[in-house]
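Take a look at the structure first, and then we can walk through a few of its local features.

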Amino acid sequence: MVQLPTPTQRRPSAGRRIYDLLRGQMADGTLPPGSPVVSTRALAAELGVSRTTVTAVYEQLAAEGFLATAPGRAARVAGTLRAPAPSQTAAIRQPSRAPSLSAYGRRVADRQMQALPGAEPARYDFLYGALAARDFPTLAWRRAYQAALLRQQHNLSYIAPEGDLSLRRALQGYLRRTRGIVCDAEQILMVHGSQQAIDLCARLLLDSGDAFAFENPGYPMARHCFEAAGARLLPIAVDEHGIDTDRLPEDERVRLAYVTPSHQFPLGGVLPISRRQALLRWASRRRAWIVEDDYDGEFRYGQRPIDALQSIDTEGRVIYVGTFSKALSPQLRLGYLVLPHALAPVFRQAKRLADRHAPALDQQVLAALIGNGIYERHVRRMRRENERRRSTLLQAIERYLPGNARVDGTAAGLHVVLWLPSFKAHDEPALAAATRGEGVGIYPVSPLFAPAASRGQARPAGFILGYASLTTAQIEEGIRLLARAIVK
């Protein structure tokens, strides 16, 4: 004999379950006061119930004051409801104990990564890596995008992990013309910006316990990638010419060196030919890889860009990393690797495992813009515009800041490093806070130094000043206000 459930055991009706679901989302802040709720028709279709059932629930919630409804308008959560306290939502969402992570996960969690700037930018924000939205070639991009979108395709499917062939062929010619790189399209791998390129290098070239040589100071997000792979940091000092190759380690576990030879980040040195040759001899001797990050190689002022280190590599030890973030937009998330032939197959497979491929339409757009010369004309125009910004910045620093202020990295790129000898490195946070109080955003250089290598060193306060997102008038006023903040 089948025993019928008692009333308390019976499953709640569909209407009750929907009511409890919506009330719960209002309580935990998923549906905050004033936010729209999904239409009765759409919710009924999603949950597989009749629209009548959902309508009855909405009417009940409206009668109780939880929903605000009006003829011809979408229902919304009542604006009079109080949002849940942060402590309540934290209690709901926080797990009862720390999650179990892999060794890689624990290393990522332990990285003391530099915090990103807040959501509220300063009025005069010298944020490095930001570009002016008005500089983006919107009209040319829109035309090329529409053409790519309307182009007849047999089907919508995945493309090759290495990227669109037309773009790789266009890049092959562009890199030969502008960076002296001789390669074929099979050596080029399209990625989601230079950060993914560096991450792939870390995963594929380093094992836990290996060591890597790294410029000090240098790009911290690259350092974090290599350390997260379990590799040991070997910081190498830089001077006005870039990395000091006389200090390269002969450690038997060193597997890789990360360098920015065309414009050392952040100090701006250009690696001379003697050091480039020494670096390549070291890599050959140690059977190590060199990751060449050419993050802003298009922007050199007064002379043509320096040829890439890869252009003189005869043994296939250099992995060249390029990006469109500085010439077009960091929001595109498009970059590329030029790989030695021996590494191209495994990098393609790793890219396939990571995310299949970079966005196909954007690659077709870039291929068109490079192929018809629009991209190179855009780069030349941006070089002229950023040279004007740089000149304004240097003149304003000379006019408003103390005479002992020093500037590095002025010959190329989209930023400079400002040194203030009247202050010490430990003063950087207070100075940054003081300038933000004047509406000016500047960014300390200390996080770019390897912590252990910099311990105990006496160094003046330094700040990275990016200028590519500002007008010349904003740069002038920003430096004037910066000067006012530091002399208070």
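In which loop does Arg-333 lie? Arg-333 is in the loop between β10 (318-323) and β11 (335-338). Before going on, a word on the ground rules: this is a predicted model, where local features need pLDDT of at least 70 and side-chain atom pairs count only at pLDDT 80 or more, while totals for chains, interfaces and linings use all residues. Residues are numbered from 1 along each chain as its sequence is written, and side-chain values use heavy atoms, with hydrogens and water left out.

**Backbone points worth a look**

Most residues other than glycine have a negative phi, and most peptide bonds are trans. The table gathers some exceptions.

| Site | Backbone feature | Location |
|---|---|---|
| Asn-216 to Pro-217 | cis, omega near 5° | Pro-217: loop between β5 (211-216) and α9 (220-228) |
| Phe-265 to Pro-266 | cis, omega near 10° | Pro-266: loop between β8 (254-259) and α10 (273-286) |
| Arg-287 | positive phi of about 50° | loop between α10 and β9 (289-293) |

Arg-287 is exposed, with a relative accessible area of 64%, whereas Arg-333 is partly exposed at 33%. Here buried means under 20% relative accessible area, exposed over 50%, and partly exposed in between, using a 1.4 Å probe and protein chains only.

**Around strand β11**

Helices (H or I, at least four residues) and strands (E, at least two) are DSSP runs numbered from the N terminus, and two strands pair if DSSP finds at least two bridges between them. Strand β11 pairs with β10 in the antiparallel sense over four bridges, and Val-321 has Leu-337 of β11 as its bridge partner. Four bridges also join β11 to strand β4 (residues 188-191), again antiparallel, with Val-191 opposite Gly-335. In a regular strand the side chains alternate between the two faces of the sheet. In β11, Gly-335 and Leu-337 point one way, Tyr-336 and Val-338 point the other way, and all are buried.

**The four-stranded sheet**

Strands β13 (residues 415-424) and β16 (residues 460-466) run antiparallel and are joined by seven bridges; Val-417 stands opposite Ile-464 in β16. Axes are lines fitted to C-alpha atoms, for helices over the stretch in contact (heavy atoms within 4.5 Å), and angles run from 0 to 180 degrees between N-to-C directions.

Helices α6 (residues 138-150) and α12 (residues 360-371) pack at an angle of about 120°, with their axes 9 Å apart. The two are therefore oblique to each other; angles under 35 degrees count as roughly parallel, over 145 as roughly antiparallel, 65 to 115 as roughly perpendicular and the rest as oblique. From α6, the residues in contact include Trp-141 and Tyr-145, and from α12 they include Asp-362 and Gln-364. By class, the contact has 11 nonpolar, one polar and one charged residues, where Ala, Val, Leu, Ile, Met, Phe, Trp, Tyr, Cys and Pro count as nonpolar, Asp, Glu, Lys and Arg as charged, and the others, Gly among them, as polar.
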